[in-house]
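I opened a new page of my notebook for this structure. I want to set down, entry by entry, what I looked up and what I found.

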Amino acid sequence: MIATLKGFTQQLVPVNGIKINAVTGGSGPPILLLHGWPETWWEWHHVMPLLAEHFSVVAIDLRGAGFSDCPLDGYDKATMARDAHEVMVVLGHERYAVCGHDIGGMVALPQAAIYREAVTHLAVLDVPLPGWTQWEATTARIWHFSFHMNRDLPERLIHGREYDYVSAFMAERFYDHSTFNPADIEIYAKAMALPGRTRGGMEWYRTLNADDAAALEYKKRPLEIPVLGLGGEQRFGPHMVPMLKEFAANVMGGSIARCSHYVADERPDEVVAALIDFLKPN
């Protein structure tokens, strides 16, 4: 099954030496949505139709995921940010908002820091960010970071067991399991089983030490654009605003009640309401 969403079209966009799968729809000011691991653009499928009533919505598969290319290198978050920025430029969006969840949030931050003339607003959803003063202490307690950083071993162990791994991984990070749809898990697992995609996702983690060093440089020039930090109250919600204040001067946000890590799956209405309020003209 190939995931499709009514009112949206998919296309492969050639950027930065590779092709990125982009899903587009709606009209109005542009917003770019960046997914996390182990998901694809489909992470946003509850959110996108609601946002499309107000915005031109672009959701992409990150390099190494879904139907985007999975080259051998380029998984540092600055290179992935360049992928995402160039997609927006090719689609005609010279200035845009960007919203990233999980690994997508780790891409969105350097995107805002590097392409300051293009990114108008930054939203980061439920993720510890490289460069944060509590980065090492926090990630040391999250088992999959060190597991995914291992060379070759995760690919070997996950091969043929993609559904088992994705379903167990995501179940651990849901608070409201009534929002946990096995059909979505099937979409993510089948995407991960495509050639090279498990490795692509692992490469996102294998660059994190370099990403941490790069992020320390971004902090030397704090962002001046509006920044929204949101997370599940059962996961990173309480940390999002103070963490982002290390990178930006104008930060708002907080926690989403009765929610854990997968905020766009568990509480899409709250995410949309927060984004609409955040992006509305002053």
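Entry 1: I began with Arg 258, which is placed in the loop between strand E8 (251–256) and helix H12 (263–266); helices (H or I, at least four residues) and strands (E, at least two) are DSSP runs, numbered from the N terminus. Phi of Arg 258 is near 50 degrees, a positive value in a residue other than glycine. I noted beside this that most residues other than glycine have a negative phi, and most peptide bonds are trans. At 46% relative accessibility, Arg 258 counts as partly exposed, where buried means under 20% relative accessible area, exposed over 50%, and partly exposed in between (1.4 Å probe, protein chains only).

**Entry 2: what I am looking at.** The model is predicted, so I kept in mind that local features need pLDDT of at least 70, that side-chain atom pairs count only at pLDDT 80 or more, and that totals for chains, interfaces and linings use all residues. Residues are numbered from 1 along each chain as its sequence is written, and side-chain values use heavy atoms, with hydrogens and water left out.

Entry 3: Which two residues are joined by a cis peptide bond? They are Trp 37 and Pro 38, with omega at about 5 degrees, and Pro 38 has its place in the loop between E3 and H1.

**Entry 4: aromatic rings.** I next looked for aromatic pairs, in which rings of Phe, Tyr and Trp (its six-membered ring) have centres within 6.5 Å, with planes under 30 degrees apart counted as stacked, over 60 as edge-to-face and the rest as tilted. By this rule the count comes to 13 aromatic pairs. One of them is formed by Trp 37 and Tyr 165, edge-to-face at 5.8 Å centre to centre, with 65 degrees between the planes. This pair links distant parts of the chain, 128 residues apart, since Trp 37 sits in the loop between strand E3 (30–34) and helix H1 (48–51) and Tyr 165 in helix H7 (residues 162–171). Both Trp 37 and Tyr 165 are buried.

Trp 135 and Phe 145 form another edge-to-face pair, 6.0 Å from centre to centre and with 70 degrees between the planes. Trp 135 lies in helix H4 (residues 135–139) and Phe 145 in helix H5 (residues 143–149), so the pair ties together parts that are 10 residues apart in sequence. Trp 135 is buried at a relative accessible area of 4%, and Phe 145 is buried at 7%. These residues belong to one aromatic cluster, whose members include Trp 37, Trp 135, Phe 145, Tyr 165 and Phe 169.

**Entry 5: charges.** The charged end of Arg 173 sits over the ring of Phe 169, 3.7 Å from its centre; for this, NZ of Lys or CZ of Arg must be within 6 Å of the ring centre and within 35 degrees of the ring normal. Is Arg 173 buried or exposed? At 1% relative accessibility, Arg 173 counts as buried.

Arg 173 also forms a salt bridge with Glu 172, the closest N and O atoms being 3.5 Å apart, and I used the rule that a side-chain nitrogen of Lys or Arg lies within 4 Å of a carboxyl oxygen of Asp or Glu. Glu 172 is partly exposed, with a relative accessible area of 46%. How many salt bridges does the structure hold? The structure holds 13 salt bridges.

Among them is the one between Asp 69 and Lys 19, with the closest N and O atoms 3.8 Å apart. Asp 69 is in the loop between strand E4 (56–60) and helix H2 (77–90), while Lys 19 is in strand E2 (residues 18–26), and this pair links distant parts of the chain, 50 residues apart.

In another, the side chains of Glu 203 and Arg 206 meet at 3.3 Å, N to O. Both lie in helix H9 (residues 197–206), three residues apart, about one turn of the helix.
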